[in-house]
Amino acid sequence: MSIQITQLSPALGAQIDGIDLSQPLSAEQKDAIEHALLTHQVLFFRNQPITPQQQANFARYFGDLHIHPIYPNIPDQPEVLVLDTAETDVRDNAIWHTDVTFLEEPALGAVLAAKQPPAFGGDTLWASSSAAFEALSKPLQQLLDGLTATHDFTRSFPLERFGNTPDALERYHEVQRKHPPLTHPVVRTHPVTGRKGLFVNEGFTTRINELEPAESDALLKLLFAHSTKPEFTIRWRWQENDIAFWDNRITQHYATDDYRPNRRVMHRATILGDKPV
């Protein structure tokens, strides 16, 4: 059965049918998915009941995998982290963010599998950073291109929520030591497509380094609001065994926190990337 690709919105998003992600990919399938990812930035697959090992195997076709320093993972498959509202406070996902930009080489992408979505609510939204940048005026594009910004993991993982036991506190300080605040460009050029996109996000970006604090705050507020305008976004309503695969280099996402006290369980494999330029 051949792969079918259905575009879902003008800015980003496509649904992929005609493939079983529990099975090894052929070279043609891998190339088709990679091309679709570069074109549509986030891909959705329905009815894919894969195991954590199969999820990791699929993600590895596109790069080495990251082990998250904070979130719990599958014990015998540590590259697959667990987002389970019965076990972990995941409110930090209910903010627009690009994954792990507190790393020197942030993620290329991620593969997210819905294991137990709530009956309603818990949707995830993605926004195209390239569409947002391209919609800015030329003078503002020129101002931003060349500026840098600070990214800090503590912005999304505050001490009061992730260091509230002696063991957790010790682990938190170790993660903080290994991941001090660092600098990335405000505008990133995609290493494959060459498209430019905004590379600041509310989850981890704390300031624009070349500006005065008040200027930085005002400009970041504008960019955060602009980047997530509806015309740059797509919203996905999860069904059990859905999978999303997104290009983390050129998107942001937001997991809506509107389903409590219902439980939501997701598994994520994160693919390591390269240094933004």
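Contact here means heavy atoms within 4.5 Å, and helices (H or I, at least four residues) and strands (E, at least two) are DSSP runs numbered from the N terminus. The model is predicted: local features need pLDDT of at least 70, side-chain atom pairs count only at pLDDT 80 or more, and totals for chains, interfaces and linings use all residues. Residues are numbered from 1 along each chain as its sequence is written, and side-chain values use heavy atoms, with hydrogens and water left out.

**Two helices**

The spans below may be read against an expected value of 1.5 Å times one less than the number of residues.

| Helix | Residues | Length | Span, first to last C-alpha | Expected span |
|---|---|---|---|---|
| Helix 1 | 27–40 | 14 residues | 20 Å | 20 Å |
| Helix 7 | 213–227 | 15 residues | 21 Å | 21 Å |

A residue is called buried under 20% relative accessible area, exposed over 50% and partly exposed in between (1.4 Å probe, protein chains only). In helix 1, Ile-33, Ala-36, Leu-37 and His-40 are the buried residues. They cover an arc of only 105° around the axis, which puts them on the same side of helix 1; the arc is that of the directions from the helix axis to the C-beta atoms. Ala-27, Glu-28 and His-35 are exposed on the other side of helix 1. The cover over the buried residues of helix 1 includes strand 1 (4–7), strand 2 (14–17), strand 3 (42–45), helix 2 (52–60) and strand 15. Just after helix 1, Gln-41 adopts a positive phi of about 75°.

Helix 7 buries Ser-216, Leu-219, Leu-220, Leu-223, Phe-224, His-226 and Ser-227. Viewed down the axis of helix 7, these buried residues fall within an arc of 165°, so they line one face of the helix. Ala-214 and Lys-221 are exposed on the other side of helix 7. Among the elements covering its buried residues are helix 3 (129–134), helix 4 (138–144) and strand 16 (251–255).

**Phe-245 in strand 15**

Phe-245 lies in strand 15 (residues 243–247) and is buried, with a relative accessible area of 0%. Beyond its neighbours within four places in sequence, Phe-245 has contacts that include Ile-33, Leu-37, Gln-41 and Val-42. Phe-245 and Val-42 are 203 residues apart in sequence and 5.7 Å apart in space, C-alpha to C-alpha.

An open sheet of 3 strands has the order 10-9-13 with antiparallel pairing, where two strands pair if DSSP finds at least two bridges between them. Strand 10 (182–185) and strand 13 are the edge strands, each pairing on one side only. Strand 9 (residues 148–151) is joined to strand 10 by 4 bridges, and Thr-150 has Thr-183 of strand 10 as its bridge partner.
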